[in-house]
Amino acid sequence: MKNEQQLVKDIFAEIINVSGGIFEGSVRLYNAFVFAHQFYYIKESTLLSEWPVYFNSCGYIIKDGEKLSGEFCIDFQTSGSCSDDVFISSNTGCSLSDKIIDAIKLAVLFVRDKSKQELLEFIMNYSNYEVDKTSKEVNIYTISEDHKFRVFLRDFMDRRERYKEISKDINEVFGSKY
């Protein structure tokens, strides 16, 4: 079994790969990482990883995130206290399960068009994570199943599935050009 650190790197690589090999913004990357965990937990009722996540004024911060994502970073830029890094991956030998990759795809779809501010507002409006006052670590799994955060993400997943079904039906009737 992979160690947790390698799993985190593999998740980062797959987030970048799912995005076409280029991914902009460490804040967005870290949010995709957290949302992949949430989508995976909603679907599988088990943890994707137990890697520590922290929270600051930019949003989610992954423990050792700069170090673990550093091998993918090609352009480091700082905007205020949050970085706007550009990440690239050519890692095509993914060893993650299809279920994990599906959760990552949902996470990338969820965060891809959102600004840092929109992601932060979503987190602030929809989550009630408990934060350890000493370490600032966030337990991203403390939210109950009926909490509005999980309900919102579950609704996002359901809408995505309905869209895929409708697209499939349209393609069967009209051909792949639609």
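Author: Phe 110 is buried, as is Phe 156; buried means under 20% relative accessible area, exposed over 50% and partly exposed in between, with a 1.4 Å probe and protein chains only. The model is predicted, so local features need pLDDT of at least 70 and side-chain atom pairs count only at pLDDT 80 or more, while totals for chains, interfaces and linings use all residues. Residues are numbered from 1 along each chain as its sequence is written, and side-chain values use heavy atoms, with hydrogens and water left out.

Reader: How many aromatic pairs does a search of the whole structure find?

Author: Rings of Phe, Tyr and Trp (its six-membered ring) pair if their centres lie within 6.5 Å; planes under 30 degrees apart count as stacked, over 60 as edge-to-face and the rest as tilted. The search finds 6 such pairs. One of them joins Phe 39 and Phe 110, edge-to-face, at 6.3 Å centre to centre with 75 degrees between the planes. Phe 39 belongs to helix α2 and Phe 110 to helix α4, 71 residues apart; helices (H or I, at least four residues) and strands (E, at least two) are DSSP runs numbered from the N terminus.

Reader: What is the relative accessible area of Phe 39, and what is that of Phe 110?

Author: The value is 0% for Phe 39 and 1% for Phe 110. The ring of Phe 110 also pairs with that of Phe 156: the centres are 5.1 Å apart and the planes lie at 80 degrees, so this pair is edge-to-face. Phe 156 lies in helix α6, so the pair ties helix α4 to a part 46 residues apart in sequence. Ring pairs link Phe 35, Phe 39, Phe 110 and Phe 156 into a cluster.

Reader: Which residues have the most contacts inside the largest nonpolar core?

Author: A nonpolar core is a set of buried Ala, Val, Leu, Ile, Met, Phe, Trp, Tyr and Cys residues joined through side-chain atoms within 4.5 Å. The largest has 43 residues, and Phe 12, Ile 15, Phe 33, Phe 35 and Phe 39 have the most contacts inside it. Helix α2 gives the largest share, 10 residues.

Reader: At what angle do the axes of α1 and α2 cross?

Author: Axes are lines fitted to C-alpha atoms, for helices over the stretch in contact, and angles run from 0 to 180 degrees between N-to-C directions. Helix α1 (residues 4-18) and helix α2 (residues 26-44) have axes that come within 10 Å and cross at roughly 105 degrees. The two are therefore roughly perpendicular (65 to 115 degrees; under 35 is roughly parallel, over 145 roughly antiparallel and the rest oblique).
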